[in-house]
Amino acid sequence: MGVTEIISIKDGNIKMLKDALVKEGGIPKESFTTYEILSACIWKSRSRALNLDLDKITVLCIVVGIRHVLDPPLPEGYDRNSVIDVYIELTTRELHESSISDIAKLVKKAKKKAYDKSYVEEVLRNIERMIKEDVKFDEVIDRLLFMTDMRNLAVFGSMDFGWREPVNIRGLMFQESDKNMGMILGPSKVGPSTEGGVRVVMTLPRDAMVNLRQELDALMYLRTRF
């Protein structure tokens with residue numbers, strides 16, 4: 001049985017991570033976004049928390065918005081999602097042995113692929129094929145992580161359901177898929193300590209959640225190999 005928790009990551013910890021990247025490889029602080037760094041940290045920490053098989057493939061799926069690069073553009077008034085999934089594959093051993101900056105570089109490179117027209121067309125063809133063939137991912141379910149960024153979702157700060165604006169949000173999904181989703185939320189007004197930082201929604205088995213918090217804590221305070 002999985003548990004869902006919100007992990008708060010303070011602004012100071014994010015800055016510390018970016019500073020560590022600068023010292024590690026002479027990389028400009030602006031080179032990586034918060035999303036890229038956190039995706040790298042969470043993917044690596046989650047795989048350790050779940051004690052995944054070192055010799056099997058683990059997959060990170062990042063969701064990239066492509067509305068602004070579509071040609072021809074979407075018709076005026078279209079308010080649905082305009083996103084595409086991009087996948088990064090490593091063995092668990094490769095993931096554990098890679099530095100956070102190495103993993104963040106892979107995330108940045110993958111995001112750029114989503115803006116390539118030929119790649120988008122290939123993905124759409126593949127999606128159509130998988131739907132027709134009813135492709136299942138049961139064999140890699142524990143080794144698959146979707147990371148999505150909800151911070152710019154219009155629902156925050158602009159909607160009132162009768163008890164002020166929403167504090168948290170979760171995607172609607174099958175229960176067995178919960179543990180494959182990581183969602184980055186903005187800071188909460190009801191939690192002043194999160195100002196400037198982010199909150200990450202994760203679902204994992206209870207023991208693995210304890211391990212995840214320990215792994216992330218070690219990374220955030222640079223108490224482990226970065």
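The model is predicted, so local features need pLDDT of at least 70 and side-chain atom pairs count only at pLDDT 80 or more, while totals for chains, interfaces and linings use all residues. Residues are numbered from 1 along each chain as its sequence is written, and side-chain values use heavy atoms, with hydrogens and water left out.

**The chain as a whole**
- The protein chain has six helices and six strands, taken as DSSP runs numbered from the N terminus (helices are H or I, at least four residues; strands are E, at least two).
- Read from the N terminus, the order of elements is β-α-α-β-β-α-α-α-β-β-β-α.
- Of its 226 residues, 40% count as buried (under 20% relative accessible area, with exposed over 50% and partly exposed in between, using a 1.4 Å probe and protein chains only).
- Taking contacts (heavy atoms within 4.5 Å) between residues at least 6 apart in sequence, 72% join residues at least 24 apart.

- H2 has 16 residues and spans 22 Å from first C-alpha to last, close to the 22 Å expected at 1.5 Å a residue (1.5 Å times one less than the number of residues).
- The rest of the structure largely encloses H2, because 15 of its 16 residues are buried.
- Arg46 sits in H2 and counts as buried, at 1% relative accessibility.
- Beyond its neighbours within four places in sequence, Arg46 has contacts that include Asp142, Lys179, Asn180 and Met202.

**H2 against H4**
- H2 (residues 34-49) and H4 (residues 100-113) pack at about 120 degrees with axes 8 Å apart; axes are lines fitted to C-alpha atoms over the stretch in contact, and angles run from 0 to 180 degrees between N-to-C directions.
- The two helices are therefore oblique to each other (under 35 degrees is roughly parallel, over 145 roughly antiparallel, 65 to 115 roughly perpendicular, and the rest oblique).
- H2 passes H4 in a right-handed crossing, meaning the near helix is turned clockwise from the far one by less than a right angle.
- Among the residues that meet are Tyr35, Ile37 and Trp43 in H2, and Ile103, Val107 and Lys111 in H4.
- By class, this contact of H2 with H4 has nine nonpolar, one polar and four charged residues.

- Asn51 lies in the loop between H2 and strand E2 (57-65).
- Its phi is positive, about 55 degrees, although Asn51 is not a glycine.
- Most residues other than glycine have a negative phi.
- Asn51 is exposed, with a relative accessible area of 67%.

Terms used
Ala, Val, Leu, Ile, Met, Phe, Trp, Tyr, Cys and Pro count as nonpolar, Asp, Glu, Lys and Arg as charged, and the others, Gly among them, as polar.
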